[in-house]
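Here are my notes for a colleague who is meeting this structure for the first time. Please keep the sequence and the model open while reading the points below.

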Amino acid sequence: MSAILPARSGAPVTVRPCLTYAHRGSSGMAPENTAAAFELAIADGADYVETDVQLSADGELVVIHDVTLARTTDARLLFADRAPWNVHDFTLAELKKLDIGGWYDDAFTGQQILTLDELLDLLGGRVGLNLELKAPAANPGLAGAVAARLRGRRDWIGPDGRPRQPLVVGSFDEQALRDFHARLPAVPVSLIAYDVPASGRLTDLAEWTFSVNPDIRRLCPEDVARVAEAGLALVPWTVDAPQSWRWALDTGCAGMITNYPDALRKLLHGRDPLPDAAGVVVQDVVHHRPDDEPPWAGEHVVLRNVSGQSVDVSGWYLRSQSSKRVVVGDGYVIAPGGLLRVWTGPGTDDAANCHNGHAAAVWNGTKGDSAGLHRVDGTIVDLHAYLV
Ligand code: G3P
Ligand code: CA
């Protein structure tokens, strides 16, 4: 079954059934891999929650993306002498002391790392699970531990080894995926990759995997055709803007992994994905270049007022795909047709330029990124993706 969707701009696109995977939960609107992000994904109507599992020092399965705790927890404060804060060096009791929401926004302070069991309890019966075996080299025994835990959950895996709820297990690591598949062969598995594998390897993969998850930034129509020819489902990551969604739909993707499942679902249902658009859009992201010195010197986002009236953007903010944030200061009003440049680094503010004073780059200058524009209250008003 297919339908014609009225595009917000440009030609209509042909829409086929396409599943929505909430990347680390609804991580465009809540801190990644938290109960808050997973609950939001369910409320958003996502078909699957995508998340990452690793092993603690005492062998507990825990839900977290990075192999270190530095970016998304307060481990540097609580365990100042434990650098580099590898997840695998901390016991579950220690991990449970960490706050994994405050780095994102004060409103989420108090979120705790979830165990795989807690995640299965939270999701059960409400949404599918796309579980990534994250960094198996840093987590020896991960595939076997996950298979054993799932097998012990009769609500998720029946006595015959078949899933009782929508479940896909993925990994960048083919050997870990094979290890998992050998233990639970009836659970669909998916190879995550940057580029679509060569055609010969795709044919081999089609013997035992269900889908391939490539980086949308590297995906071209020829690769899409090769995946289809191999008989595999194509579910790219991380697809975060209406223009990208329309392109992926038109190429026949079976699903999309996104930080913004609510907006994607709206588009899939023929609705405006950004109904709260406020007359100001992200016109451009001028990302840093490898030889910039300092790296963030030239980085800025160009906002344009495309409406016929002035818009007060004081306190609005932008988030990158990895949830880094730059903020518009107080007192900024963009006139009709006017521009505001929001800089990552320090500088002298004026009516057309606002600086954040960061000492590190925010925008991905080597592959591409997306920029979500939010009002003060968090409402999303525009999504812009770019390729490098
Ligand atoms: O499932 C694909 C995607 O999650 C892979 O990227 O780095 O977010 O785990 P990452
Ligand atoms: Ca992942």
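Which residue follows H10, and what is its phi? The residue is Gly-270, and its phi is positive, near 75 degrees.

1. On the basis of the notes. This is a predicted model, in which local features need pLDDT of at least 70 and side-chain atom pairs count only at pLDDT 80 or more, while totals for chains, interfaces and linings use all residues. Residues are numbered from 1 along each chain as its sequence is written, chains are lettered from A and ligands numbered from 1 in the order in which they are written, and side-chain values use heavy atoms, with hydrogens and water left out.

2. Helix H10 covers residues 261-268 and is mostly covered, with 6 of its 8 residues buried; helices here are DSSP runs of H or I with at least four residues, strands are runs of E with at least two, and both are numbered from the N terminus. Buried means under 20% relative accessible area, exposed over 50%, and partly exposed in between, with a 1.4 Å probe and protein chains only. The buried residues of H10 are Pro-261, Ala-263, Leu-264, Lys-266, Leu-267 and Leu-268. In helix H9 (residues 242-251), the buried residues include Trp-245 and Arg-246, and H9 is followed by Gly-252, whose phi is positive, near 90 degrees.

3. On the polar contacts of ligand 1. A polar contact is a pair of N or O atoms within 3.5 Å; within protein, one must be able to donate a hydrogen and the other to accept it, and residues adjacent in sequence count only if both atoms are side-chain atoms. An oxygen atom of ligand 1 lies 2.7 Å from a polar side-chain atom of Arg-24, and the distance from a ligand oxygen to an N or O atom in the side chain of Glu-50 is 2.7 Å. For His-65, too, a polar side-chain atom is found 2.7 Å from an oxygen atom of ligand 1. Taken alone, ligand 1 exposes 290 Å², of which the protein buries 92%; accessible areas come from the Shrake-Rupley method with a 1.4 Å probe, and for residues only the protein chains shown count as cover.

4. On strand S6. Strand S6 (residues 128-133) is mostly covered, since 6 of its 6 residues are buried. Gly-128, Asn-130 and Glu-132 point one way from the strand, whereas Leu-129, Leu-131 and Leu-133 point the other way. Strand S4 (residues 48-55) and S6 pair in the parallel sense over 6 bridges, two strands being paired if DSSP finds at least two bridges between them. Val-49 stands opposite Leu-129 in this pairing. S6 also pairs with strand S7 (residues 167-171), again in the parallel sense, over 4 bridges, and there Glu-132 stands opposite Gly-170.

5. On one open sheet. Four strands form an open, antiparallel sheet in the order S16-S15-S20-S21, with S16 (325-327) and S21 (380-387) as the edge strands, each pairing on one side only. Strand S20 (residues 368-374) and S21 pair over 7 bridges, and the bridge partner of Ala-371 in S21 is His-384. The C-alpha atoms of Ala-371 and Gly-28 are separated by 9.8 Å, although the two residues are 343 residues apart along the chain.

6. On backbone points worth a second look. Most residues other than glycine have a negative phi, and most peptide bonds are trans. Arg-24, however, has a positive phi of about 55 degrees, lies in the loop between S3 and H1, and is buried, with a relative accessible area of 11%. Ser-323 has a phi near 75 degrees and counts as buried because its relative accessibility is 6%. A cis peptide bond joins Ala-83 and Pro-84, with omega about 5 degrees, and another cis bond joins Glu-293 and Pro-294, with omega about -10 degrees.
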